[in-house]
Amino acid sequence: MTQPAKLGGPGLSVDFDRLCSSSSGDDEFKLCAGVWNGVVELTIGELSEKLVVSDRHLHREAGTRPANLDVVRVRGRVDDWEKLLARVPPVGWHDILWAQGLTIDCDLFVLARCSRMLRRLVELMREQLHGISSQMEIPDPSHRWDAMVGRYLYTNVAGTQYRIYLEEAGVGVPLLLQHTAGADSRQWRHLLEDEDVRQHFHMIAYDLPFHGRSLPPTNKRWWASEYRLTRQFLMECVLSISEALELERPVFMGCSVGGMLAVDLAYRHPEAFRAIIGVNAALGLPSVSDRERRLFESWADTRASGDWRASCMFGRTSPTSPEPFRRETAWIYSQGAPAVHTGDLGYYRYDYDLTEEQASQIDTRKVGVYLLSGEYDKLTANGSCERLARCIRGSSYEVIPGVGHFGPMEDPVRFKEPLRRVLDKISSTSRAPAQS
């Protein structure tokens, strides 16, 4: 019998026989494995172990294997594996796989089919080492109805009428809420239900055209052209919503692509907003690598299901966020049109090109600038969010401990405290006129 692989010493090891046994009784592993059959070869430093996934079961390879099985090789140094299998990993799953030392050798679409299984396999390894479970229950509210009310707004953007779904809650200073790329306004449901915020802010969370419950327009042949979100369209959409609702210099808050948009609006349309809150915002990002481009394109490829996109987004949540909310984040991503998520990145990774010089021209006397970022977000880790904040004189910046890329949804409790401080500042100055 092969000895279990040692990780950093005799007190830290993975018993692969026990791992196979635990996976056989794990309903989630079986669901994640689905119809994928293949070989997972794990190389930990100088040691390797081959595991076969067959008919939703995991076993150690022995003798000959069936022909034409997919093979996935995951390689890394011992210290890379120790990061991945730590009780609380120092970075999120997505960043470990794509940018933190481990190497995955396989076709991208093989990975698309087995990514959920691979993640669950790693979770079972971590649970074996630390004796913990990733399960966590959160009770539902006891009230009968949510406070938010939904309806459709008809507005014209770039010469086309769009039927835009939005949900509203609260009274006071208008607060527009922009979702992340490829998602919809459900990401803001926790904030819309926050009684403290509702007392001072009239929150409006909308689905961009083509997203969530905002269907494509009926008066143009949208199906005959490739969807791509541009800066011009995105800005016109937000300004059109604000105008149609007759909002007086609202506050704008967006996360991820919405965070970039928040800063773009502060630079290009400061007169239209009293303040912006950019969550995980940064300066214009570096050129897209071939690897990153292939990943984006794979989300819209017919060889991959929405499950692949959802798995990638789950990997950008923090490992310390409540699991039901992390799963909910991924669930929303599994439902969006694949072309929309990839097309949204046309703005996030290409059109959004704010430079240090441009950022330094943002006048916080005209529009307040508040920046928040999650500790586990990649742009926080590489310093991109902080560099943006340093460029904007008079801006406010705070890192939220233990939160990933989707703070408002994945961990609304942790997100609330720093947001409350920001909203208190905005509320206290909301009556002040814009300075010219």
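**First stop: a cavity**

The second largest cavity holds about 50 Å³ of space. Keep in mind as you go that this is a predicted model. To find the spot, select Thr180, Gln187, Trp188, Cys255, Phe406, Pro408 and Met409, which line this cavity. Colour them by class and you'll get five nonpolar residues, two polar ones and no charged ones. In total, the structure has three cavities of 30 Å³ or more.

**Next: the eight-stranded sheet**

Now switch to a cartoon view and pick out the open sheet whose eight strands come in the order β8-β9-β11-β10-β12-β13-β14-β15. Its pairing is mixed. Which strands sit at the edges? Select 149–157 for β8 and 396–400 for β15: each of these pairs on one side only. Look along the sheet, and neighbouring strands are turned by 25° against each other on average, ignoring direction.

Zoom in on the β15 end. Strand β14, residues 368–374, runs parallel to β15, and five bridges join the two.

Then bring up residues 231–244. That's helix α8, packed on the sheet, where it touches β8, β9 (160–169), β10 (173–178), β11 (201–206) and β12 (251–255). The direction of α8 makes about 120° with that of β8.

**A pair of rings**

Show the side chains of Phe210 and Trp222. How are their two rings arranged? They form an edge-to-face aromatic pair, with 6.1 Å centre to centre and 80° between the planes. Both residues lie in the loop between β11 and α8, so the pair ties together parts that are twelve residues apart in sequence. There are nine aromatic pairs in the structure.

**Over to the five-stranded sheet**

Next, head for the open sheet with strand order β5-β4-β3-β6-β7, which also has mixed pairing. Here the edges are β5 (57–60) and β7 (103–105), each pairing on one side only. Neighbouring strands in this sheet are turned by 20° against each other on average, direction ignored.

Select 38–44 and 47–54 together. These are β3 and β4, running antiparallel and joined by seven bridges. Click on Ile44, and you'll see Leu47 of β4 standing opposite.

**Last stop: two helices on that sheet**

Finish with residues 108–130, which make up helix α5. This helix lies across β3, β4, β5, β6 (70–76) and β7, and runs at about 50° to β6.

How values were computed
Residues numbered from 1 in each chain as written. Predicted model: local features only at pLDDT ≥ 70, side-chain atom pairs only at ≥ 80, totals over all residues. Heavy atoms only, no water. Pairing = 2+ DSSP bridges. Helix = DSSP H or I, 4+ residues; strand = E, 2+ residues; numbered from the N terminus. Axes fitted to C-alpha atoms, helices over the stretch in contact; angles between N-to-C directions. Contact = heavy atoms within 4.5 Å. 1 Å grid on protein atoms, 1.4 Å probe; cavity = no way out; pocket = protein on both sides within 12 Å on 5 of 7 lines; lining within 4 Å. Points joined across faces, edges and corners; volume = space filled by probe spheres on them. Nonpolar A, V, L, I, M, F, W, Y, C, P; charged D, E, K, R; others polar. Phe/Tyr/Trp six-rings, centres within 6.5 Å; stacked < 30°, edge-to-face > 60°.
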